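Then we'll walk through how its parts meet.

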Amino acid sequence: MQLDAKIPGGPLETKWDRQRFELKLVSPANKRKFHIIVVGTGLAGASASAALAELGYQVKTFCIQDTPRRAHSIAAQGGINAAKNYPNDGDSIWRLFYDTIKGGDFRAREGNVYRLAQVSNLIIDHCVAQGIPFAREYGGLLANRSFGGAQVSRTFYAKGQTGQQLLLGCYSALSRQVAAGQVTMLPRREMLDLVLVNGQARGIVVRNLITGAIERHAAHAVVLATGGYGNVFQPFTTNGMGSNVGAAWRAYKRGAGFANPCFTQIHPTCIPMHGDYQSKLTLMSESLRNDGRVWVPKQAGDQRRPEDIPEDERDYYLERIYPSFGNLSPRDIASRAAKFQCDQGKGVGATGRAVYLDFAAAIKRLGRAEIEARYGNLFQMYEKITGEDPYQTPMMIYPASHYAMGGLWVDYNLMSTIPGLFVLGEANFSDHGANRLGASALMQGLADGYFIIPYTIGGYLAGTALGEVNESHQAFTDAEMEVNAKINRLFQIRGSRSAASFQIDLGHIMWEYCGMSRNDAGLQKGKQLVADLRQEFWENLTLPGSTGEFNQSLEKASRVADFLEFAELVISDALARRESCGCHFNEAFQTEEKEAKRDDAQMCHVAVWEYAGEGHEPIFAKEPLVFEFVKLVERSYK
Amino acid sequence: MSPETINLTLKVWRQHGPEDQGRFITYQANDIPTAASFLEMLDIVNERLIVEGQDPIAFDHDCREGICGMCGAVINGRPHGPEKETTLCQLHMRGFQDGDTIVIEPFRARAFPVIKDLAVDRRALDKIIQAGGFISVNTGQAPEANSLPVPKSNAELAFDAATCIGCGACVAACPNASAMLFVSAKISHLALLPQGRPEAAKRALAMVAEMDRLGFGNCTNHKECQVECPKGINITNIARLNREFIKAAVSSPEEIPVFPAGRPEALQMGAK
Amino acid sequence: MNWVVSTFSTSIGKKYLMAVSGMLFLLFLAVHLVGNLTIYGGAEAFNSYSEHLHALGPLLAAAEVLLVLAALLHITMGVTLFFQNRRARPVRYAVDKTGGGGRTIFSQTMPYTGLAILVFVIMHLTAVSRFFVDRTQKTAFQVVTELFSNELYVALYMVFMVIVAFHVRHGLWSAFQTVGANHPKYMPFFEKLSAIFAIIVGVGFGTLPMAISLMN
């Protein structure tokens, strides 16, 4: 597989300028002749659809939900980073770049990350102009807060629902283009295959989820913005129930390289599990860690109520082990530390799989009203779910899978290894390395959609010979037949277990053997268990109804089938990465202080996997990561 | 976090498709953990139905964190159930008693045709946003973010209105199936911000005209919408919409757009 | 004048017409009640009020025309809204509950109390107004006293006044909300005023028969 990242040469600061100059332009009159398919309407997909339509391209946008406003970007709570330096506390584009690449444990490209930091400020300008109701100071100017391990206050926020507000901004821009006739919006459609003609991505096959009809859609380029694959850990995940790897997986099977699938982020502040029937975990913004103090009882097995445990019998372990960052230590460190405490029997709550997040000190210092203003909706949510009042008693939290840094491999132009297939947002792998910093996902999704793809897709369309292709092309017919065949196979199993039960089993395997802390023996075992489960799935699935109708069980089964194949790739990738870095923690590679130990000599690369056909091991390739501008240092948050 | 369980009788609206008449079917839901959410309760029931070879109950859902707006059904006569400011996914079974009978119906409105069982088509709400629920700014045009101060109180009122998740509970709750709370939330959000003022008149006229065309009812100030809104959006927004509308109609040069007559395409099943 | 037609054809436009005509009726009710309360001053006071009122001549006629026009608007719009609203929910709920703080018996019965009031107004006008009753032979007080000597009429009249109070209870604050006058600072006042005015109207008009029987 050719892995040319196409990073322009020259100083870091001018790479993006240079690229924008070197990319060919599509003349204004010609833009309307190009049809572009966008799959997914989260921050990346909706912003890309809007921005491309504004330029004059004919866009067809697809989503699996009933309306584009539902994408799981809405669930992001904390905020969005930008290098505005409004608080005058020493931030800069360079610092945001450096923090992001260091946060990613030096497993991302310098060029991509620097560009992300550069466009971050444009995003805030644009979002404010769209009417996003960001938090403001009394003088009417924008407020900032420090977030998720940053030592500067660079995070813009809209109470606890920044993702929701940003997505509604994209959705409104998208709606405007739908009204203008530039975007054809097709909700309740699920992409089931990517169609290639002459090696170029030229369309997709989708299932109309209302009628069950299989539809073909042709275009000059295809943009995937289909989110991450955290549901491979379901129920130990905060992902929405519908989030799935299907579209990315089908693209992989058509030849798109999959990069770093083992880089999955575990979020430290989720509401703990309460029973087997639980469908997923609920995330609470880690902005809570700004004012909450994490602790466990010093004594393992301490059964007292938290209020009854005196101060000197509490272990504020993050503050103790990481004195300079304390409760704001990065996500992976905070998550593993919580697991470590629970594994020692110091976990609290009914399951012993939880630690306290205590606001008593903050309430005393700032007053209840201020805490309510900052976290009111999060506290309310917690109380609703657990039936406990966090103003009175400490919250309980536990980590859960949250975000996928890995994804389809893309070059600097966000194009995958398939020409004409672009991948944006969480679905690609590009900017977060082995670990994503808080408030950076929203930034990346919008950067990709608003400010990168509009340039780079033009460069591709203007510089590529694209023949006339329509929906009656043989490639569409073949793809549709394959899709139908796969659906029919699912119906013919006629076993006795539901798709949902397989998904939960898969999640348990992945969480146990490929979760926060991994080792080779466990990974090998997990891989075998996944293979066994997959076999059982194809022998024992039961699927009600038929394909020609609204059939949520079929949707689920199709997605679970993909997850069962994909999970094995995650484990293979985890086995192949002979180091610990960021969120990938292999117990064989750790410092004496139990911190992740990178191997920059051997492992400073992007791991890319290429599909080699049914029953064959995927082909492994490396994209070396070259650091010209920053020095690789060991992360230390002590 | 108690391991308690309860037994329930569910009377669920089952309807194969938009043309089907639909009917209530009774299910016995035993051993439901009280810590489960309402949707997890339906998951448990569906799991049993699937294993028995029956058709599971169709219902929309996604984030299960009360923010995406996709879930929703009428539980014993109340959209999203009996709890205040709660979506169905955040309604927990600890609020029900052992032996309760729960009647579950889809959101009912002419503008929200039933797709299957409890899943309804709410694209009419998208249509209203498309009519004008945006600020016309192209990517790249924006001025420096802090060049436009917004009074904190206005920003907060705008935020409160912008918290609308588009679930449609206001329509479902309204005895007239009116979408006024939904429309007013978007109108208010944008009208309260200086960025939204240039298009305020055009927006108010267009969104109201589109709302009317789609077959929603009229607001008669029952306040049911604000009682059932999972985000606590209140009817002062409707009053603001009324002001914005009449101001636009009487004092701005903008005309009320005339949308094509006939059955709105948003109401046609499976249409593009 | 096309914009006028299109404005008042919208749902909000129709509601404005309902609200503004409704406010006119509320004003009318207030004036009418003040006038009628002169009954408590005895036959002379009441007859004097009646004479003064009729002495207004063209002004009174103008007010009457305005009220008739407002009534026509209020009725047309009310009927239109009623049927539109029914059509907006073709399939009703099997269980339909309110969570408290929402619809009330007053708000839910508006179309029906409205219809009842129309019936009453017709009945009332045919019984007392100068267009239907020969006032040359009788004083206003005599007309009223005769009317209220019929016990069945009194009972009916009192029921109707309760109905008017119901209509006013929802109508008053609702009219302010519809014209956009809802503000956290003064809406609570309108809500209270709604209840108080409804009681005043109900009690004020409703006790008139008793006032007369006491006087006789």
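Here is a short tour, going from whole chains to domains and then to pairs of helices.

Keep in mind that this is a predicted model.

**Chains**

Which chains share the most contacts? Of the two pairs of chains in contact, that's chains A and B. Chain A and chain C, on the other hand, don't touch, and their nearest C-alpha atoms sit 18 Å apart.

Now for where chain B meets chain C. Chain B puts 40 residues into this contact and chain C puts in 38 residues. On the chain B side, strand 5 (101-105), helix 6 (200-213), helix 7 (224-228) and helix 8 (236-251) each bring at least two residues. Helix 8 of chain B gives the largest share of that side, with eight residues. Sort the chain B residues that touch chain C by class and you get 18 nonpolar, eleven polar and eleven charged.

**Inside chain B**

Chain B itself splits into domain 1 (5-116) and domain 2 (123-267). The C-alpha centres of these two domains of chain B are 29 Å apart. Where they meet, domain 1 of chain B supplies 19 residues and domain 2 of chain B supplies 18 residues. The domain 1 side of that contact has nine nonpolar, six polar and four charged residues.

| Helix pair | Angle between axes | Axes |
|---|---|---|
| helix 4 (93-103) and helix 5 (110-130) of chain A | about 135° | 8 Å apart |
| helix 16 (520-540) and helix 17 (552-576) of chain A | roughly 165° | within 9 Å |

What do those angles tell you? Helix 4 and helix 5 of chain A pack at about 135°, so they count as oblique to each other. Their crossing is right-handed. Among the residues making this contact are Ile93(A), Leu96(A) and Phe97(A) of helix 4, along with Val113(A) and Tyr114(A) of helix 5. By class, the contact between helix 4 and helix 5 of chain A has eight nonpolar residues, three polar and one charged.

Helix 16 and helix 17 of chain A cross at roughly 165°, so this pair is roughly antiparallel. Here the crossing is left-handed. The contact includes Leu523(A), Val530(A) and Phe537(A) from helix 16, and Leu564(A), Ile571(A) and Leu575(A) from helix 17. Counting by class, the contact of helix 16 with helix 17 of chain A has twelve nonpolar, one polar and five charged residues.

Key. Residues numbered from 1 in each chain as written. Chains lettered and ligands numbered in written order. Predicted model: local features only at pLDDT ≥ 70, side-chain atom pairs only at ≥ 80, totals over all residues. Contact = placed C-beta atoms within 7 Å. Helix = DSSP H or I, 4+ residues; strand = E, 2+ residues; numbered from the N terminus. Nonpolar A, V, L, I, M, F, W, Y, C, P; charged D, E, K, R; others polar. Domains from an automatic or database assignment. Axes fitted to C-alpha atoms, helices over the stretch in contact; angles between N-to-C directions. Parallel < 35°, antiparallel > 145°, perpendicular 65-115°, else oblique. Left-handed = near helix turned anticlockwise from the far one by under 90°.
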